[in-house]
Amino acid sequence: MESRRVIACTVHTASEADTVRFGVGLGECIERGTCVSLVGPLGAGKTVLVGGLCRGLGINEAVVSPTFILLESFQGRLPVVHVDLYRLEHERELEELGVFDYVRDGAVLLAEWGDRSPRLHDMADVEIRIEGDGNERSITVHAVPELADAFAEIA
């Protein structure tokens, strides 16, 4: 399947705070029903960026990776579902958790390790690839054209 996403921007962050600030800007642009797939190695900063995305979506709670529970939901200016697919064994687990139902119902889905589910990754409106370690990161955002222009403006 050919991707419907285009490169919106690439940024380099030099600290955790920079990564959070960038995530806040992205989160402020996200619309109802947006599916975001975050991809990158362990320790690259996916959860840090999700914390910023959530803050931009109006969530003031602490955000931690739901590695062992798979799914956490929040209510900000939009309903948000945060999933971590690192320990995903079978894609049917996402159906059992109702992940696709949340998106159909208009929730924003933030999926760490989103590429571990081909179905979810292919349907994502936004793919965020994070590389780096420590505090320095390279973040590339691919998004559907409707979101790409707004994301490019915050980079």
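Select Val141: setting aside neighbours within four places in sequence, this residue is in contact with Val6, Ile7, Ala8, Cys9, Phe22, Leu26, Val126, Glu127, Ile128 and Phe151. Contact here means heavy atoms within 4.5 Å. The model is a predicted one, in which local features need pLDDT of at least 70 and side-chain atom pairs count only at pLDDT 80 or more, while totals for chains, interfaces and linings use all residues. Numbering runs from 1 along each chain as its sequence is written, and side-chain values use heavy atoms, with hydrogens and water left out.

Buried stands for under 20% relative accessible area, exposed for over 50%, and partly exposed for what lies in between (1.4 Å probe, protein chains only).

Now colour by element. Helices (H or I, at least four residues) and strands (E, at least two) are DSSP runs, numbered from the N terminus.

**Helix 2**

Select 46-56 next. Helix 2 is largely enclosed by the rest of the structure, because nine of its 11 residues are buried. Those buried are Lys46, Val48, Leu49, Val50, Gly51, Gly52, Leu53, Cys54 and Gly56. They pack against helix 1, strand 2, strand 4 (79-84), strand 5, strand 6 and strand 7.

Arg55 also belongs to helix 2. Apart from neighbours within four places in sequence, Arg55 is in contact with Val20 and Val24. For a distance check, pick the C-alpha atoms of Arg55 and Ala44: they are 19 Å apart, with the two residues separated by 11 residues along the chain. After helix 2 comes Gly58, with a positive phi near 85 degrees.

**The largest pocket**

Show a surface around Glu16, Val20, Thr47, Val48, Gly51, Gly52, Arg55, Ile59, Asn60, Glu61, Ala62 and Val63, the lining of the largest pocket. On a 1 Å grid over the protein atoms alone, a pocket is an open set of points where a 1.4 Å probe fits, with protein on both sides within 12 Å along at least five of seven lines; lining residues have an atom within 4 Å of a point. The space in this pocket comes to about 170 Å³. That volume is the space filled by probe spheres set on the points, which are joined across faces, edges and corners.

Which helix gives the most to the lining of the largest pocket? Helix 2 does, with five residues; helix 1 and helix 2 each supply at least two. By type, the lining has five nonpolar, four polar and three charged residues.

**Salt bridges**

The structure contains six salt bridges, each a side-chain nitrogen of Lys or Arg within 4 Å of a carboxyl oxygen of Asp or Glu. Select Arg5 and Glu127, whose side chains form one of them at 3.1 Å, N to O. This pair links distant parts of the chain, with Arg5 in the segment before strand 1 and Glu127 in strand 6, 122 residues apart. Both Arg5 and Glu127 are buried.

Arg129 is partly exposed, at 36% relative accessible area. Through shared partners, salt bridges join Arg5, Glu127 and Arg129 into one network.

Move to helix 4 (residues 99-104), where Arg104 and Asp101 lie three residues apart, about one turn of the helix. Their salt bridge has its closest N and O atoms 2.3 Å apart. Arg104 counts as exposed at 55% relative accessibility, and Asp101 as partly exposed at 35%.

**Last stop: Trp113**

Select Trp113 in the loop between strand 5 and helix 5 (118-123). Its phi is positive, near 60 degrees, in a residue other than glycine. Most residues other than glycine have a negative phi. Trp113 counts as buried, at 15% relative accessibility.

Key
Ala, Val, Leu, Ile, Met, Phe, Trp, Tyr, Cys and Pro count as nonpolar, Asp, Glu, Lys and Arg as charged, and the others, Gly among them, as polar.
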